[in-house]
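Have the sequence and the structure open as you read.

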Amino acid sequence: MNAASPTVTVVGIGADGWAGLPAASRDALLRAEVLIGGARQLDLLPADCAGERVTWPTPLRAAVPGLLAAHAGRRVCVLASGDPMFYGIGRTLGEIAGPDTLRVLPHPSSVSYACARLGWPVEETDVVTLVGRPAAGLTRVLHDGRRVLVLSAGAATPAAVAALLREQGYGSSRMRVLEQLGGERERQLDGTADTWEHPAGDPLNVIAVDCVRDLGALRLGTVPGLPDEAYESDGQLTKRYVRAATLAALAPAPGELLWDVGGGSGSIAIEWMRAHPSCHAVSVERDAVRAERIGRNAQALGVPGLRVVTGRAPAALAGLPVPDAVFIGGGLTAPGLLAACWDALPTGGRLVANTVTLESEALLTEWYRRHGGDLVRLAVAHAVPVGGFTGWRQAMPVTQWAVTKAGEEER
């Protein structure tokens, strides 16, 4: 931290309110000239906290710079639910004002409380927030036998989670809704997704899910190469085994961005994003019907944040954020497409292109000659009935070029 004192104190507070705060948090709130928070949080403070009370406007993030500027030079306390740095306002304040401006006094998070009540090890529990995010994001972490905590967006979230579990083949999963954790009105509701009939309760809740996959439900693993039947498709789909090899060549890493050019059914972008919660992707597809289908597949497979751009590349690439990797699954012979993708990549960026045609293969061979990398042919055969016997049916071979863009000094 810099020598200068922090200008904002962020105080975590739980459902137990003032009684649950340690001395340092109470002292900061009593001394504050300005108290900023949600109405529910501000109502937990006693009259002794005499600072000016300011309720967050909507949208919150856009209002932060103006609020901080308006109260510059005053002792400001911002109230946060639980741990401010765990899906809380602390992150937003740190990104906008800088972490050195903050003094953070955390309270136990709802996750810590929930795991304490359930007897679940925190480090072995998956956590998904649905605050301001679609319920489809929960799908990515559904695996038989796993324990998941869902940070709820409100009273209607438990019913939405139950519906999603049923749709995804996890209706047998046990659900427990833990309301007002740590407060006097704490209670727990129990049931399964299939039979969930509890009316909407307290908006301050966390949902615990013991995942149980229904008999016959499609099993989705954590590595690339999901079953082809997991996708809605009109046939424009990178098939399972080629897809697995393609994602291995693209090598997604946390926080990276992929351009999926010629999205088809969106499988490459979707499995890139499933690799890590912080991975991002843009799928570019010229056909509007397919573009809509990509969006549906992304929802169904737990990555609703996939951005779908409808348009013909390379024109549709203009204005997109700089990618860490590019996959070209179609349209390689479109004038200027390969060059545009190559030019968009920074040094160290990766490009992978697949094709089944001789014309596109010739183009990849030329680029391989100029820039190196790996040029491989992927051939997959499936066993099929041949009369009363079994034989091999060969799929069309796929030529793949994978390359990392070198800097001038490396050439």
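## The α3–α4 crossing

Helices here are DSSP runs of H or I with at least four residues, strands are E runs with at least two, and both are numbered from the N terminus. The contact (heavy atoms within 4.5 Å) is made by Leu60, Arg61, Val64, Pro65 and Leu68 of α3 and by Ile89, Thr92, Leu93, Glu95, Ile96 and Ala97 of α4. By class, that contact has 8 nonpolar, 1 polar and 2 charged residues. For these classes, Ala, Val, Leu, Ile, Met, Phe, Trp, Tyr, Cys and Pro count as nonpolar, Asp, Glu, Lys and Arg as charged, and the others, Gly among them, as polar.

## About the model

This is a predicted model, in which local features need pLDDT of at least 70, side-chain atom pairs count only at pLDDT 80 or more, and totals for chains, interfaces and linings use all residues. Residues are numbered from 1 along each chain as its sequence is written, and side-chain values use heavy atoms, with hydrogens and water left out.

## The α7–α8 crossing

Now look at α7 (residues 240-250) and α8 (residues 267-274): their axes come within 10 Å and cross at roughly 55 degrees. Axes are lines fitted to C-alpha atoms, for helices over the stretch in contact, with angles from 0 to 180 degrees between N-to-C directions. That makes α7 oblique to α8 (under 35 degrees is roughly parallel, over 145 roughly antiparallel, 65 to 115 roughly perpendicular, and the rest oblique).

On the α7 side, the contact uses Arg243, Thr246, Leu247 and Leu250, and on the α8 side Ser267, Ile268, Glu271 and Trp272. These residues divide into 4 nonpolar, 2 polar and 2 charged.

## A cavity

The structure holds 1 cavity of 30 Å³ or more. On a 1 Å grid over the protein atoms alone, a cavity is a set of points where a 1.4 Å probe fits but cannot get out, a pocket is an open set with protein on both sides within 12 Å along at least five of seven lines, and lining residues have an atom within 4 Å of a point. The largest cavity is lined by Gly221, Thr222, Val223, Pro224, Leu226, Glu271 and Arg274.

Note on methods: Grid points are joined across faces, edges and corners, and a volume is the space filled by probe spheres set on the points.
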